[in-house]
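Here are a few friendly notes to read alongside the model. Please keep the structure open and find each spot as you go.

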Amino acid sequence: MQQPHESPGTGADEGPRPGPDTGARAGTGSAARKETAPGVAATRVLVVDDDPTVAEVVSGYLDRAGHLVDRAADGPTALARAAAHRPDLVVLDLMLPGMDGLEVCRRLRAQGPVPVIMLTARGDEDDRILGLEVGADDYVTKPFSPRELVLRVESVLRRARPAPAARPLDAAGLTVDPSSRRAAKDGVELALTLREFDLLAFFLRHPGRAYAREDLMREVWGWDFGDLSTVTVHVRRLRGKVEDDPAHPRLIQTVWGVGYRFADPEGAVPARADHADPADRADRTAPAAGRTVAPHLDSPAVRQEEARP
């Protein structure tokens, strides 16, 4: 993911830094509930970062955007704050003292579903892939623009809200209810992350049609550009939850040279049993005219990721 080379709190155009009152309110988590509109409570965002400058600037931007912000500088404190006041979203640094962000994310997920945006150091693709593996819904690389981070927070929160009056989807033993954001396989509820749920719902809405990873990133993530390995990782994670045999997927099929499609196994041609995800290799090595290939796709971390079932 290409990010603006803008370190939080250092750019001249970053605007005024958060004042003492904002920092104290964000740090304690005891502020009165804000309202963004009459009768509508503000969302609570937990910012977890051991760098006080980053935490202060991010919290200040989120506070001015109308969010109620809690702050924590380490994993145990973050878990305690999340248990005391369940956040609507967590901005989580990977490099934390004592307990790293990956473990914090796992423990947060064990407490219940919550969207997570991870902050990663530039170039640390192994960490980014691991973050996606444990269920991060988005990631931002450092250095980053606080304004862009706020936009990503709001994008994830919008997608996390139940869709009003959306009809349930049902295919191949899978049921998805966008209104309650619940999904099940053969009557057994699935534990899906925000992006996994959106990806499954998108596939069920468009059965039989092949989509390139760029299309899925735009339609499901709302991004016009980005690292396409994000889609690869989420498809593999989703297969692990909805396929009877994830190594030989029958529902979410790889389409050679294109991307993926959802197919009902009763009427579908069996998917190609190629563990290396050939569509991903084809997209990377022979992009169609006019398509933008995201950075980092030929890294050792992504090659290793794509080689897994």
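**Notes on strands and helices**

1. Let's begin with a strand pair in this predicted model. Strand β12 (residues 211–212) and strand β14 (residues 259–262) run antiparallel to each other and are joined by two bridges. To find one of these links, look for Ala-212, whose bridge partner in β14 is Gly-259.

2. Now turn to the other pairing of β14. Strand β13 (residues 252–255) also pairs with β14 in the antiparallel sense, here over four bridges. Which residue in β14 is the bridge partner of Val-255? Gly-259 is that partner, and Gly-259 is also the bridge partner of Ala-212.

3. Next, follow the chain between β13 and β14. The two strands form a hairpin with three residues between them. Have a look at Gly-257 in this hairpin, as its phi is positive, near 75 degrees.

4. Now for the helices. Two packed helices are described by the angle between their axes and the distance between the axes. For helix α6 (residues 146–160) and helix α7 (residues 194–205), the axes come within 10 Å and cross at roughly 55 degrees. Because of that angle, α6 counts as oblique to α7. The crossing of α6 past α7 is left-handed.

5. Finally, zoom in on where these helices touch. On the α6 side you will find Val-156, Arg-159 and Ala-160, which meet Leu-194, Arg-195 and Asp-198 of α7. How many residues of this contact are nonpolar, polar and charged? Three are nonpolar and three are charged, with no polar ones.

Terms used
Residues numbered from 1 in each chain as written. Predicted model: local features only at pLDDT ≥ 70, side-chain atom pairs only at ≥ 80, totals over all residues. Heavy atoms only, no water. Axes fitted to C-alpha atoms, helices over the stretch in contact; angles between N-to-C directions. Parallel < 35°, antiparallel > 145°, perpendicular 65-115°, else oblique. Left-handed = near helix turned anticlockwise from the far one by under 90°. Contact = heavy atoms within 4.5 Å. Nonpolar A, V, L, I, M, F, W, Y, C, P; charged D, E, K, R; others polar. Pairing = 2+ DSSP bridges.
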